[in-house]
Structures are given as structure tokens and as C-alpha cells.
Amino acid sequence: MSDERNNGAVRVGIDELLARVRAGYDRIGPHDAIAAAADGALLVDIRYAALRERDGLIPGALVVERNELEWRLDPQGSHRAPEAVSHDLRVVVVCNEGYASSLAVASLRQLGLHRATDLIGGFQAWRAAGLPVGT
């Protein structure tokens, strides 16, 4: 590991940070994600509006832009989404290509959402797998 310290702060590159974060949970592919949703998991699309407008939506996914994610999914939060009912909720975070979603999962797990995971390859992998896409 290549941590560097400067004035007490640890420096790490994004690739290493992603590897560390992802080592803490099992990520899932598109077909596992749709199966998880069928079993009650909450798919959460964190892509920004321009990407959703350009590429479409995953039917049934909760749309929460990344900057609101923790506020909307914290079951104890004052601004929680109605779907955020429990820390035991299975959450599958979807970004565009599967990078931002990994960092989002790390944040959700810090809030106690211990079953949170993300979609490997993000929305682009979902679409490439031929899974449903709406407008």
C-alpha cells in the first residue's frame, strides 16, 4: 500500500481507494441486480439528470442524485425517502459505469446500511446485458 502522510493526512490514489472500498463487500452484476430487485432489494440510480435523459432509466429504480444519497437513504434521517425503511434494507447503487457507486456504498455502509452494494459496470453494464430500460 502506498499511503503517504503530509501533516497527518493520509494520501491515497483513487484506484487504491476504490480497491480498498470494494474489498469490504461483494459487488454484483446486472443479472444478479435484477434478481435482487425481484427479491425486494432497492435499486438506486445516482446518475445525474443529463445521463438519465440521454440513456434512460432502470424501471422501478429509485432516482436519487449522488449529492442527496445519504440524506435520502438514512432510515433515521429527517429527509429519508419512504423506501428507506431499515438498516437491513438491501440496496444496489447504480451509477453510470460502476465507479462513483462504489464510493457511495462505502458511505451508506458507514450509515449502517450493511447490505448495500453496487452494480459492476453501472447502468452501461445493465443496458449492455439487455435488461429493461425505460424513459
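**Close-up views of the sheet, its cores and its helices**

**View 1. Asp 45 faces Val 63 of strand S4.** The model shown here and in the other views is predicted; local features require pLDDT of at least 70 and side-chain atom pairs pLDDT 80 or more, while totals for chains, interfaces and linings take in all residues. Numbering starts from 1 along each chain as its sequence is written, and side-chain values rest on heavy atoms, without hydrogens and water. Strands (E, at least two residues) and helices (H or I, at least four) are DSSP runs numbered from the N terminus. S3 and S4 are parallel and are joined by two bridges; strands count as paired if DSSP finds at least two bridges between them. On S5, the bridge partner of Asp 45 is Val 94.

**View 2. An open sheet is built from four strands in the order S4-S3-S5-S6, with parallel pairing.** S4 (62-63) and S6 (117-118) are the edge strands, and each has a single partner, so one side of each lacks a neighbour in the sheet. S5 (residues 91-94) pairs with S6 in the parallel sense through two bridges, and Val 92 is placed opposite Thr 117 of S6. Helix H5 (residues 100-110) packs on the sheet and touches S5 and S6, its direction making about 145° with that of S5. Contact means heavy atoms within 4.5 Å; axes are lines fitted to C-alpha atoms, for helices over the stretch in contact, and angles between N-to-C directions run from 0 to 180 degrees.

**View 3. S3 and S5 run parallel and are joined by four bridges.** Leu 42 has Val 91 of S5 as its bridge partner. From S3, Leu 42 and Val 44 point one way, Leu 43 and Asp 45 point the other way, and all are buried. Buried means under 20% relative accessible area, exposed means over 50%, and partly exposed lies in between, with a 1.4 Å probe and protein chains only. From S5, Val 91 and Val 93 point one way and Val 92 and Val 94 the other, again all buried.

**View 4. Val 92 of strand S5 is buried, at 0% relative accessibility.** Beyond four places in sequence, the residues that Val 92 touches include Ile 28, Ala 33, Ala 36, Leu 43, Asp 118 and Leu 119. Gly 77 lies 15 residues from Val 92 along the chain, and the two C-alpha atoms are separated by 19 Å.

**View 5. Twenty residues make up the largest nonpolar core.** Such a core is a set of buried Ala, Val, Leu, Ile, Met, Phe, Trp, Tyr and Cys residues joined through side-chain atoms within 4.5 Å. The residues with the most contacts inside the largest core are Val 44, Ile 46, Leu 69, Leu 73, Val 91, Val 93 and Leu 108. Two or more residues each come from S3 (42-45), helix H4 (69-73), S5 and H5. H5 contributes the most, with three residues. Val 91, leaving out residues up to four places away in sequence, touches Leu 42, Val 44, Leu 73, Leu 108, Arg 115, Ala 116 and Thr 117. Another core, of 13 residues, lies apart from the largest one; Ala 33, Leu 43, Ala 61 and Leu 131 are among its members.

**View 6. Ser 107 belongs to helix H5.** With a relative accessibility of 18%, Ser 107 counts as buried. Apart from neighbours within four places in sequence, Ser 107 contacts Arg 66 and Glu 70.

**View 7. Helix H1 (residues 14-22) has Glu 16, Leu 18 and Val 21 as its buried residues.** H5 is included in what covers them. Ala 19, also in H1, is partly exposed, with 47% relative accessible area. From Ala 19 to Asp 45 there are 26 residues in sequence and 22 Å in space, C-alpha to C-alpha.

**View 8. The charged end of Arg 47 sits over the ring of Phe 123, 3.9 Å from the ring centre.** A charge is taken to sit over a ring if NZ of Lys or CZ of Arg is within 6 Å of the ring centre and within 35 degrees of the ring normal.
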